[in-house]
Amino acid sequence: MVTAQEDKHQILLEHFEGILGQARTRTVSLELAAFHRAGVDLSILDAPFSEDEVWATIKALPADRAPGPDGFTGRFYKSCWQIIKSDLMAALISIHQGDLRNLELLNSAYLTLIPKKAEALEANDYRPISLVHSFAKLVTKLLANQLAPLLNNLVATNQSAFIRGRCIHDNYMLVQQTIKVLHRRKISSLFLKLDISKAFDSVDWSFLLEILSHLGFGFT
């Protein structure tokens, strides 16, 4: 048990550094074509953002979510669109053309901890969130909107979460029905429930990029 603010800082820092791990150099690769689903044509993702596309995305932004370092929310973009439109489109065109000078000024974020439960007493009782710069949030939303219609062909049908038209509850129903069938047939079986709550913290970036390249994403 610690009470000093400096001790709290140290415990939380060590905890989350341990979760995130360290970047490693990948020395092997997989022959993904032999066992992974085939890639698809994603050339449409290379097209620059249109003004109509950007405005449609801005109109769909929540008006008053917690702001990032710049202090701007969706309400600002909606209210000032006619004033900032030219500068915003110029910035998006620069990113599309690979001009990333000073991008770090627009790619900053506030990191904060949110308690997972009312009585948060240990470091593991908190989860970190990032309050990102509004421009970075807009860019990622634009990219996500372009990718969304293609996900149904990219993600296997047995992965039922976070894909429009699919329902995460299908997984539970599948498990329940499978257990019932095995029980009726009196078949000896073993079911394992795996905890993947921290999987996103331990994904190796080089492996992830290898998968994305196989699926058809272009990298420069």
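A: Let us begin with a term: helices are DSSP runs of H or I with at least four residues, numbered from the N terminus. In this model, which is predicted, S134 is found in helix α5.

Q: Is S134 buried or exposed?

A: The word buried is used for a relative accessible area under 20%. S134 has a relative accessible area of 9%, and therefore counts as buried.

Q: Which residues does S134 touch, leaving aside those up to four places away in sequence?

A: S134 touches D70, F72 and Y77. With D70 there is also a polar contact, made between the side chain of S134 and the side chain of D70 at 2.4 Å.

Q: How should I describe helix α5 together with helix α4?

A: Two packed helices are described by the angle between their axes and the distance between the axes. Here the axes of α4, residues 81-96, and α5, residues 134-147, come within 12 Å and cross at roughly 65 degrees, and the crossing is right-handed.

Q: Which residues make the contact between α4 and α5?

A: From α4 come L88, A91, L92 and I95, while α5 contributes F135, L138, V139 and L142.

Q: What span does helix α7 reach from its first C-alpha to its last?

A: Helix α7, residues 169-184, has 16 residues and reaches 23 Å, which is close to the 22 Å expected at 1.5 Å a residue. Just after α7, K186 takes a positive phi of about 55 degrees.

Definitions and conventions. Residues are numbered from 1 along each chain as its sequence is written. This is a predicted model: local features need pLDDT of at least 70, side-chain atom pairs count only at pLDDT 80 or more; totals for chains, interfaces and linings use all residues. Side-chain values use heavy atoms; hydrogens and water are left out. Axes are lines fitted to C-alpha atoms, for helices over the stretch in contact, and angles run from 0 to 180 degrees between N-to-C directions. Helices (H or I, at least four residues) and strands (E, at least two) are DSSP runs, numbered from the N terminus. A crossing is left-handed if the near helix is turned anticlockwise from the far one by less than a right angle, and right-handed if clockwise. Contact means heavy atoms within 4.5 Å. The expected span of a helix is 1.5 Å times one less than its number of residues. Buried means under 20% relative accessible area, exposed over 50%, partly exposed in between (1.4 Å probe, protein chains only). A polar contact is a pair of N or O atoms within 3.5 Å; within protein, one must be able to donate a hydrogen and the other to accept it, and residues adjacent in sequence count only if both atoms are side-chain atoms.
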